[in-house]
Amino acid sequence: MGVAHDATTTSIEEAPLAADRPVSGLADELVDHRFKALPPDAEGLTVGALAAERRNLFTGGFTTPVLALSAESVEHNLALLETYAERHGLAFAPHGKTSMSPQLFARQLEYGAWGITAAVPHQARVYRAYGIRRIFLANELVDASALRWLSAELDSDPEFRFICYVDSVRGVELMDEALRAAGASRPVDVVVELGAGEGARTGARTEADCAAVADAVAAAGTLRLVGVAGYEGEVPDASGERVRRWLDRLVALAVDLDRAGRFAAGEQIVISAGGSAWFDAVADVFARIPELSAPVLKLLRSGAYVSHDDGHYRHLTPFNRVPEEGELQPAFRLWAQVVSRPTDEQAFLNAGKRDAAYDLDLPEAQVVRSGRDGTVRPATGVSVTGLSDQHAWVRTEPGAELEVGDWVGMGLSHPCTSFDKWQLIPLVAADGTVTDYIRTFF
């Protein structure tokens, strides 16, 4: 699934990507007030020029709060998922909604990704702006304006491959109407989404419902059925047994539709699942997919792995169940400064809901960097108890060393709501050197 890599010599900005708007062009963007935490004296420099200065995160003029992304951990995580997918015979279309960063997409593609997954049309437009040639939209697309745009993209680029969900007869009808009105000359490839159970999220609930959707696709000249898909993370009361049982249903659905001649002739049959919590189960079940009438593209879509986290996914990652397969590393650390120490038991940092993910877990105080001499120590006896818009509420136990001016480094939970609060994120080496800046488009 991949190529040889030398993580010590290839930077994110150097990663190759066939693109209409090269990722390297992001280095030409000007540093200004739009980007939080960047050094005020860098105003007017290009991002590339600032990166070339290789400033230190702590002494190079950055203002707090500042979100840092570990260069070493990102590289480790990219390599780990590539080798995992290779080992299990899986193709990989990581979900780009996590980072919405063309630079990270470029690295994921370099590390063997088949394409990039999207959830909504805006994300697909960002992907296309930076030359992504394979997009898997894990949603039913019924917006007529978006379908007009998609039709034009497909017609203008014969190398562009697009696949999306269908889960209803009405959705198929709306897609067909919009594509006909747009004068589409290329059919849109679709996969029937099997819902993960009653009370789950999207997806046709029964195999009979899926068959009806497949029939509707067959009757629509603008669509082409190429497989089945779903999201096992929505299985109610998910457990390894329940998830595998649903994945067995997904595979059986593909077998039945194939026997019925429902899939487009001459195409790979796509069978896709796999978030960030159960991809070990996906690998197990997909290894047992029987021979079908065409080669099968076993497509995994995990996205949170690129940064991992210190909360939600640290507990849920499948690597906890299969430690022999490797271990992801949390790559985010949010640095904030103590701006108030009103009592011996309480302190306030200058980072809040506008800066830190908080939808699943509060930030976790990990280290303290002295505002006096720059020494770093564990954040013993220091814990975040709440967030306001621009403040973190901190409780300090007796004897905890913390004073106004200190920097507190915090681990975050949930990558998707960490990336989306920052438009330009310093990529930081272990010694504190900022080697690049990761641009996001939310």
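Which residues of α2 are buried? The buried set is Ala71, Ser73, Val74, Glu75, Asn77, Leu78, Leu80, Leu81, Glu82, Tyr84 and Ala85, where buried means under 20% relative accessible area, exposed over 50% and partly exposed in between, with a 1.4 Å probe and protein chains only.

A word on the ground rules: this is a predicted model, in which local features need pLDDT of at least 70, side-chain atom pairs count only at pLDDT 80 or more, and totals for chains, interfaces and linings use all residues. Residues are numbered from 1 along each chain as its sequence is written, and side-chain values use heavy atoms, with hydrogens and water left out.

On confidence, pLDDT (the predictor's confidence in each residue, from 0 to 100) has a chain mean of 94, and 95% of the residues reach 70 or more. Residues 1-20 stay under 50, and the model has 48 contacts for them beyond four places in sequence; a contact means heavy atoms within 4.5 Å. Where pLDDT is low, the predicted coordinates should not be read in detail.

The buried residues of α2 pack against several elements, including β1 (66-70), α3 (102-110) and β18 (434-439). Just after the helix, Gly89 takes a positive phi of about 65°.

Now for β16 (residues 407-411). Five of its five residues are buried: Trp407, Gly409 and Gly411 point one way, Val408 and Met410 the other.

| Strand | Bridges to β16 | Direction | A bridge pair |
|---|---|---|---|
| β10 (residues 332-343) | four bridges | antiparallel | Leu334 with Met410 |
| β12 (residues 364-369) | five bridges | antiparallel | Arg369 with Trp407 |

Trp407 itself has a relative accessible area of 8%, so it counts as buried. Leaving aside neighbours within four places in sequence, Trp407 touches residues that include Leu57, Phe58, Trp335 and Val368.

Lastly, Arg128 sits in helix α4 (residues 121-129) and is buried, at 5% relative accessibility. The Arg128 side chain makes a polar contact with that of Glu153 at 2.8 Å.

Note on methods
Helix = DSSP H or I, 4+ residues; strand = E, 2+ residues; numbered from the N terminus. Polar contact = N/O pair within 3.5 Å; in protein donor to acceptor, adjacent residues only side chain to side chain. Pairing = 2+ DSSP bridges.
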